[in-house]
Amino acid sequence: MSGLQFIKTLKHIGYPKADSLSPRGLDWMFEDVTMLPFLTWFCNTVGQQNVLSAEEEAEYEELKASQAILLEGEQLDDALRSYPVYDDDITQEKLKGDIERLKEDLDRSKKRKQHLVQTRNKLSLHHTGLTDRLSKLGNPEDEAKRHYKHALEACQKSSIERDASLSKLLNSVKHLYTLYAVSGIESQDSNADLGHLVFLSQNSLAAFHFAEEKFTVELTAFTKKQFFEGIANIAGGETSRYELLEVSDPTSLLVKGQSQEAFLQDCQELTRLQAVFPKSESERINAMVEAKCAASVCQQAEDILHNIQSGLPQICGRPQVKAKFNFAFLSVIKQELHHLTDTEVPSLVRELATFQSTTVLTGDYSLKLARQDYFTSNQNQVIEYLVQQRARNEFLTMAYEIEARGHRETHRLLTAIKQTLQAKLSSFDERMKIMADPYLTKARYERGTIDTRDMFSTRLYHMLVTPDKATSERQLFLPYSSMVSAAQSLMQQVKAARAEAVSTADMYQARVSRMEEEVQRCENVLYAESSTLGGQPQMMPVVFQKTAMELDEMLQKLEAAILDTITDINNKKKVLKKDALQMKERELFTLFHLHPDRLKTTVENLEQRLQVHSVS
């Protein structure tokens, strides 16, 4: 069934617009399984006897207008059965027409029966082939189902793992967001509780800066108190500034840091002390001697007083002798004292004067070293405070740097995750876009027409099917059958073109080789027994011209004879095609003279077929 048969049926029943319909535009109806039985019944059953004429329609309208009772259903069937059929107006011409019409219907029915039998045989063969193929496809189908099941399980497992990974990633991102969400809380509420803050950068540094400023102010005041307020005068330096002592540089120490004037003053003072030392030392010694004498006299007087008071008897005796002895002893002592005072004491004083400068210098340097130790100790204390302050700042900076490094690493990981997810999402969108193509998805019902959304099939249809000017404007649907038939026709054209190209190439090569042979033969005939020592032979002699003209005439006659022969052969072929017996006789005659074995085999096959036909 096709649109062409449907249009023929419409023409047969007298449809006025049947000529304007296109068979291709109606093929899509026969592709629908639900409409195919009705269309088959309509094309095979409906005829002119099923169509009312204009007169019958007019009579029916008059009958309806007369308000008479119209029989319907079973009443109408009973009335038709009881109504006698009398047809006295049948003429011979009408009878002949009916007979001719019935013969045509009979011939058409026989042809249709033959066509149906052939179709049944073809369908039977096709069904057998499909059954065989279906039986062979059992194992591959099971294998494909098994592979599909494994692939489905793998996809489900992969989907579950991907969902778990995405859920875990989402929880991690949420947790990370909660960690970073409290950033800036110190700027919103300075009195808020910051115990829940996680990162150091989220904490406020106002208190730290305030403590550092306070510490700096106190350290400045301590430095001024220790090194500027009167203490710098001791060091002999300026009171307007203070520099830390560099212990490793001796020139910056207080011992070596005096000016030239101070050094000269110290030298003059040392010279003065050396000059005054003998006199002052002599006076000191005399004072010590006098003090010892006074002390001994006082001690003696105390002893005498004590004896008197205690009532002890006085030592009587020769006082003159004792006094004389004492005076003699005193004179000896005075001589010794005078000797010591005049000779030994001055020499000892002079010797002590040389050591006195050493003592003075030692004391001066001890004082300066004590001052330097004082400054150094205070300076070390200040340096320790400064080192602590710098350590705090560097520790805070290092903590911020370590935290920033962690933040950068987190940012890098999040950026990589974002790029990966974007790439996955892009590939997923591309796959979904491809899968959304109607041409790739299996429809629930097989369509006979091309979907308007399927741009690929539409473009392919317009490329394969040549539009008809008469039907292109009225064609609403694009059937698949037209595209398939156009594609098959195109394939046949391509095959024919390739075969023609091959035959043309062979013919061209044959003609070229034949032409070369003819040219070679002509050269042999033309230049036979000719000498080329004196130059190239003459190409236009009179004999050669005459021979060429005769050859041209012979070729024309030969061409006419060949054309007559071809015409005769074509006529004989037509006769043979019309008469199958003559054609078969010709084949047998050819086999009798050329292939007797094949003739024998053919005859045996015919005998077997006749025997089978007679038995059946």
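Me: Why is Cys155 called exposed?
Reply: Its relative accessibility is 51%. Exposed means over 50% relative accessible area, buried under 20%, and partly exposed in between (1.4 Å probe, protein chains only). Therefore Cys155 counts as exposed. This is a predicted model: local features need pLDDT of at least 70, side-chain atom pairs count only at pLDDT 80 or more, and totals for chains, interfaces and linings use all residues. Residues are numbered from 1 along each chain as its sequence is written, and side-chain values use heavy atoms, leaving out hydrogens and water.

Me: What makes Cys298 partly exposed?
Reply: Cys298 has a relative accessible area of 45%, so it is partly exposed.

Me: How many disulfides does the structure hold?
Reply: There are 0. A disulfide is a pair of cysteine sulfur atoms within 2.5 Å.

Me: What makes up the largest nonpolar core?
Reply: A nonpolar core is a set of buried Ala, Val, Leu, Ile, Met, Phe, Trp, Tyr and Cys residues joined through side-chain atoms within 4.5 Å. The largest has 12 residues, among them Phe6, Leu39 and Cys43. Elements α1 (3-12), α2 (23-30) and α3 (36-45) each give two or more residues to this core. A second, separate core has 7 residues, including Leu464 and Met483.

Me: Which residues does Leu39 contact, leaving aside neighbours within four places in sequence?
Reply: Phe6, Met29 and Phe30. Contact means heavy atoms within 4.5 Å.

Me: Where does UniProt place the feature "coiled-coil region"?
Reply: The unreviewed entry places it at residues 92-119 and 498-525. Such annotations may be inferred rather than shown by experiment. In the model, residues 92-119 are 100% helix. Residues 498-525 are also 100% helix. Helices are DSSP runs (H or I, at least four residues).
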